[in-house]
Amino acid sequence: MLTRLHVIKNSVGRECVKLATLGYRYVQVSPVQEHIQASAWWTDYQPVSYLLQSKRGTRGDLSSMIKACNNARVSVIVDVVLNHSE
């Protein structure tokens, strides 16, 4: 498994074919929900809602990344922060 936390989702999708050729079968990405606005990595873990919109991408970016990775036979594991939003 390769951890690609704190990377823009659509760039992960573009990497999945290469990851598959290197033998990776799973990729883990940061939480995807809307979070506080700042550049520090830990802000990804400070959600303000459960909308799929953040500095790492949109709902469409997430969907495209998952499709690209699944087409390359690389599964996606999404880190999640549950019950942490106001």
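Guide: Helices (H or I, at least four residues) and strands (E, at least two) are DSSP runs, numbered from the N terminus. This is a predicted model, in which local features need pLDDT of at least 70 and side-chain atom pairs count only at pLDDT 80 or more, while totals for chains, interfaces and linings use all residues. Residues are numbered from 1 along each chain as its sequence is written, and side-chain values use heavy atoms, with hydrogens and water left out.

Visitor: Which residue follows helix 1 with a positive phi?

Guide: The phi of this residue is near 95°. Helix 1 itself covers residues 9-21. The residue that follows is Gly23.

Visitor: Where is the kink in helix 1 centred?

Guide: The bend at a residue is the angle between axes fitted to the seven residues ending there and the seven starting there. In helix 1 the kink comes to about 40°.

Visitor: What do the buried residues of helix 1 pack against?

Guide: Buried means under 20% relative accessible area, exposed over 50%, and partly exposed in between (1.4 Å probe, protein chains only). The buried residues of helix 1 include Val12, Cys16 and Leu19. With contact taken as heavy atoms within 4.5 Å, they pack against strand 1 (2-4), strand 2 and helix 2 (59-71).

Visitor: How many salt bridges are there?

Guide: A salt bridge is a side-chain nitrogen of Lys or Arg within 4 Å of a carboxyl oxygen of Asp or Glu. Lys55 pairs with Asp44, the closest N and O atoms being 3.5 Å apart. Asp44 also pairs with Arg56, at 2.9 Å. By this rule the count is 2.

Visitor: Which residues do salt bridges with shared partners join into one network?

Guide: Both Asp44 and Arg56 are buried. Lys55 counts as partly exposed because its relative accessibility is 27%. The network consists of Asp44, Lys55 and Arg56.

Visitor: Why does Asp44 count as buried?

Guide: Asp44 lies in the loop between strand 2 and strand 3. Asp44 counts as buried because its relative accessibility is 0%.

Visitor: Which residues form the nonpolar patch on the surface?

Guide: Patches are made of residues with over 30% relative accessible area and no salt bridge, like charges being joined within 9 Å and nonpolar side chains (Val, Leu, Ile, Met, Phe, Trp, Tyr) within 5 Å. Accessible areas come from the Shrake-Rupley method with a 1.4 Å probe; for residues, only the protein chains shown count as cover. Together the members have about 400 Å² of accessible area. They are Ile36, Trp41, Trp42 and Val48.
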